[in-house]
Amino acid sequence: MILKGNQRGNGADLAIHLMNAFDNESIEVAEVYGAVANDLLGAFSEFEAVSLGTRAREYLYSLSISPPSPLTREQYFEAIGMIEERLSLAGQPRAVVFHVKPDERGISREHCHVVWSRTNIEKMRAVHMAHDRRKLMDMAVALSHKFGLKIPPGLKAWEDKQKFEKEKLEATLAEKAQAEATGINPEERRAEITAAYEASDTAEAFRAALEQKGYVLAKGDKRGLVVVDKSGDVHSLTRYIKGHKASAIKDRLAALRPEQLPTVEEAKEQVRQRAQALDERQREQRQEQEREQERQSARQRLEELRRQAEAKLAGNQAARRLELQMAAQELLTRHQAERLALHAAQKSESRGILFRVRSAVADLIARTPGLRSVLSHIQRMTHLDPKERHRLEDDALARRHAREKLEVERLRRLHARLDTRERSSLEKAMRKAERLHAIAVLEMEHKAEQTRSAENMAMQDFYDAARDQGFWKKQDFAEGDLRERFNDAAGFAHGAVDTDESEDGYAPDLRNDADDGDDDGRPPRHGHRHRKGYGYRRDE
């Protein structure tokens with residue numbers, strides 16, 4: 001079981017993130033406790049309003065629970081109870097949300113989000129979250145044993161109080177944002193930089209190896225040495241070298257003095273110029289017809305992807321709007337029925353003798369100053385005037401209806417914000433798909449250009465070496481003479497051949513032995529015309 005928690009503010013943004021139906025297959029708000037509102041945005045707004053009485057800016061504590069195998073709702077809530085006791089959050093207002101989304105292998109998995117309010121209303125101060133990461137690690141181990149879940153290597157090492165070297169780099173929020181924007185996995189970047197470091201024996205060799213892979217080694221403002229990747233993003237060097245300590249890396253690269261390295265801005269400029277030069281070379285070598293075909297096919301795929309995503313998003317939003325419209329229509333129908341019922345009851349009551357008597361008495365008190373000064377306050381307190389009571393009933397019903405209409409309007413605004421966020425997520429996903437496709441096309445063309453360059457260099461080296469050693473010289477062949485010279489030099493034919501060499505140093509003529517003579521008038525071979533053989537073997 002993996003538990004990840006952090007303190008944070010901006011509850012409205014967190015509520016929109018948790019209710020984003022585009023990034024999740026299903027969303028279930030299982031519990032909203034300690035708030036008047038029954039939705040996440042309203043509850044988190046209340047949590048924020050309460051926190052204004054304190055100096056806490058991060059008034060929420062957000063926790064994600066990701067089990068390796070499915071759990072029941074009872075097990076989830078039992079785990080939540082144990083965790084909040086351990087974190088000193090028991091009794092605090094909270095919200096519990098369940099998400100189902102595909103993992104890296106495309107398998108749908110359920111996980112849970114719990115958001116607590118850190119504001120202790122009795123003491124009017126925020127709950128202090130001391131060593132929450134350690135507590136969560138201990139709880140993850142305890143809950144894995146309790147529910148019989150598989151313990152990952154990191155938790156196993158934590159349980160044994162041993163140092164654990166993570167095989168997979170755990171991306172930060174900034175690295176996740178960079179991966180979404182560029183399509184480059186942090187783990188792949190880490191593997192490339194580590195391979196370049198381990199394959200280099202000197203600092204300059206490591207710097208050259210990074211440049212071959214498209215990275216630039218630069219001096220950072222605060223972190224010493226940093227790496228600038230192909231997209232111009234800056235990364236810590238020691239973080240992206242796996243299995244080596246920072247001190248060892250620093251000692252190994254001590255030969256690189258700061259004045260020898262570019263600054264971060266200079267490295268970004270080099271990356272930009274390198275990418276621009278690469279793009280220009282690729283544009284020059286690429287044929288216009290192939291580009292147009294690739295663009296057309298990519299456009300069709302992206303349009304199909306957009307159409308499917310928009311259809312799914314439109315279906316979800318339409319279902320949400322329909323649910324809200326049905327609730328609003330039901331509310332209007334109920335309001336009308338309540339108004340009609342109240343009006344009918346008041347009308348029926350106004351026909352009675354008691355109503356007329358009380359109305360007459362109230363009118364008499366209102367007309368007589370002496371009676372009004374003595375009995376008016378008694379009349380108001382006891383509601384003896386039925387007309388005044390009817391007016392108060394009408395006002396109370398109108399105020400309640402107005403509050404319920406405001407709730408519907410608030411939900412409509414919430415849905416509008418959700419629609420905007422989901423549309424933004426869709427556009428972000430489409431931009432990422434377009435960038436990934438563009439990067440794939442550029443890399444394919446770059447590899448093809450490198451292959452052609454390597455072949456041309458190898459051929460030129462071969463010709464240069466042959467010319468230097470005297471194995472090759474330029475010769476002019478008459479028409480029809482090239483095949484004859486080639487056969488003579490090869491020493492292989494369909495039939496046997498003469499072992500004598502001609503005066504010019506070439507092997508005898510090896511043309512088809514079915515011919516009776518050559519085109520130039522020479523006689524056929526001596527006694528070997530009809531003898532079959534596999535080739536010619538020279539003597540020692």
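Visitor: Start with the second largest pocket. How does its lining split by class into nonpolar, polar and charged residues?
Guide: The lining has 12 nonpolar, five polar and six charged residues. Here Ala, Val, Leu, Ile, Met, Phe, Trp, Tyr, Cys and Pro count as nonpolar, Asp, Glu, Lys and Arg as charged, and the others, Gly among them, as polar.

Visitor: What sort of model is behind this?
Guide: A predicted one: local features need pLDDT of at least 70, side-chain atom pairs count only at pLDDT 80 or more, and totals for chains, interfaces and linings use all residues. Residues are numbered from 1 along each chain as its sequence is written, and side-chain values use heavy atoms, with hydrogens and water left out.

Visitor: Which residues lie nearest the centre of that pocket?
Guide: Met19, Arg320, Glu323, His415 and Leu418, out of 23 lining residues. A pocket is an open set of points on a 1 Å grid over the protein atoms alone, where a 1.4 Å probe fits, with protein on both sides within 12 Å along at least five of seven lines; lining residues have an atom within 4 Å of a point.

Visitor: And which elements supply at least two residues each?
Guide: Strand S2 (26-33), helix H11 (288-350) and helix H14 (386-469). Those are DSSP runs, numbered from the N terminus: helices are H or I with at least four residues, strands E with at least two.

Visitor: What's the volume?
Guide: About 700 Å³, taken as the space filled by probe spheres set on the points, with grid points joined across faces, edges and corners.

Visitor: Arg320 again. What does its side chain meet in a salt bridge?
Guide: Glu422, at 2.9 Å, N to O. Arg320 is in helix H11 and Glu422 in helix H14, 102 residues apart. The cut-off is a side-chain nitrogen of Lys or Arg within 4 Å of a carboxyl oxygen of Asp or Glu.

Visitor: How many salt bridges in the whole structure?
Guide: The search finds 24.

Visitor: Now packing. At what angle do H7 and H8 pack?
Guide: About 145°, with the axes 8 Å apart. Axes are lines fitted to C-alpha atoms over the stretch in contact, and angles run from 0 to 180 degrees between N-to-C directions.

Visitor: Who makes the contact?
Guide: Ile193, Ala196 and Tyr197 of H7, with Phe206, Ala209 and Leu210 of H8. Contact means heavy atoms within 4.5 Å. The six residues are nonpolar, with no polar and no charged.
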